[in-house]
Amino acid sequence: MIGYLGGKGVLGWVESYAHWIAVVLLLLIGGKMIFESMSEGIEEDIAQITHKVLLLLAIATSIGAMAAGFTLTLLEVNPLIACTIIGITTLLFSWVGVYVGAIKWYLAGKQG
C-alpha cells in the first residue's frame, strides 16, 4: 500500500514512461529471483543464515513489494482489494512453504 501511495505521488512526474519503469523493475526483481534459484550451493548458504541476513532479506522483500505497489498505480484497480488479495496469497504461500520445509526437516532428521 505504501508503494501504491508513493507511486500516486510520483506518477505525475513520470507518467509518460511509468510503464517502462514498472517493466524494468519487475524484470530485474524476477530475473534476480530466477538467477538465485538456479545458483549452486544454496543449501550451505541457507544453513548459515544469521539474524543480519534475515533482516537484509526482509528489507529486500519489502523493497520488492513497494516496487509492485508502484505498478498498481498504472492499473485501474481498487488498491485495497489488490493489497488484500496480495496479502492473502502471500500468507498462503508462506504457510505452505513453512509446512513443506518442516516436513522436509522432519524427514531429514528421521534418515540421519
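This is a predicted model: local features need pLDDT of at least 70, side-chain atom pairs count only at pLDDT 80 or more; totals for chains, interfaces and linings use all residues.
The term covers what lies between buried (under 20% relative accessible area) and exposed (over 50%), with a 1.4 Å probe and protein chains only. Tyr17 sits in the loop between H1 and H2. I take helices as DSSP runs of H or I with at least four residues, and strands as runs of E with at least two, numbered from the N terminus.

Tyr17 also belongs to a nonpolar surface patch of about 770 Å², made together with Trp20, Ile21, Val23, Leu25, Leu27, Ile29 and Met33. Such a patch takes residues with over 30% relative accessible area and no salt bridge, joining nonpolar side chains (Val, Leu, Ile, Met, Phe, Trp, Tyr) within 5 Å. A salt bridge here is a side-chain nitrogen of Lys or Arg within 4 Å of a carboxyl oxygen of Asp or Glu.

**Ground rules**

I number residues from 1 along each chain as its sequence is written. Local features need pLDDT of at least 70, side-chain atom pairs count only at pLDDT 80 or more, totals for chains, interfaces and linings use all residues, and side-chain values use heavy atoms, without hydrogens and water.

**The chain**

I found five helices and zero strands. Of the 112 residues, 13% count as buried. The accessible surface (Shrake-Rupley, 1.4 Å probe) comes to about 9,300 Å², and 74% of that belongs to carbon and sulfur atoms.

Met1, in the segment before H1, is partly exposed at 37% relative accessible area. Its C-alpha atom is 6.6 Å from that of Cys83, 82 residues apart along the chain. Leu5, in helix H1, is exposed at 55%.

**The largest pocket**

Next I checked the largest pocket, which holds about 1,100 Å³ of space. Of its 30 lining residues, Ile29, Met33, Leu57, Ala60 and Thr61 are the closest to its centre. A pocket is an open set of points on a 1 Å grid where a 1.4 Å probe fits, with protein on both sides within 12 Å along at least five of seven lines; lining residues have an atom within 4 Å of a point. H1 (2-14), H2 (18-38), H3 (42-47), H4 (51-72) and H5 (79-111) each supply at least two lining residues, and H4 gives the largest share, 12 residues. I noted 20 nonpolar, seven polar and three charged residues in the lining.

Notes. Grid points are joined across faces, edges and corners, and a volume is the space filled by probe spheres set on the points. Ala, Val, Leu, Ile, Met, Phe, Trp, Tyr, Cys and Pro count as nonpolar, Asp, Glu, Lys and Arg as charged, and the others, Gly among them, as polar. Patches are made of residues with over 30% relative accessible area and no salt bridge: like charges are joined within 9 Å, nonpolar side chains (Val, Leu, Ile, Met, Phe, Trp, Tyr) within 5 Å.
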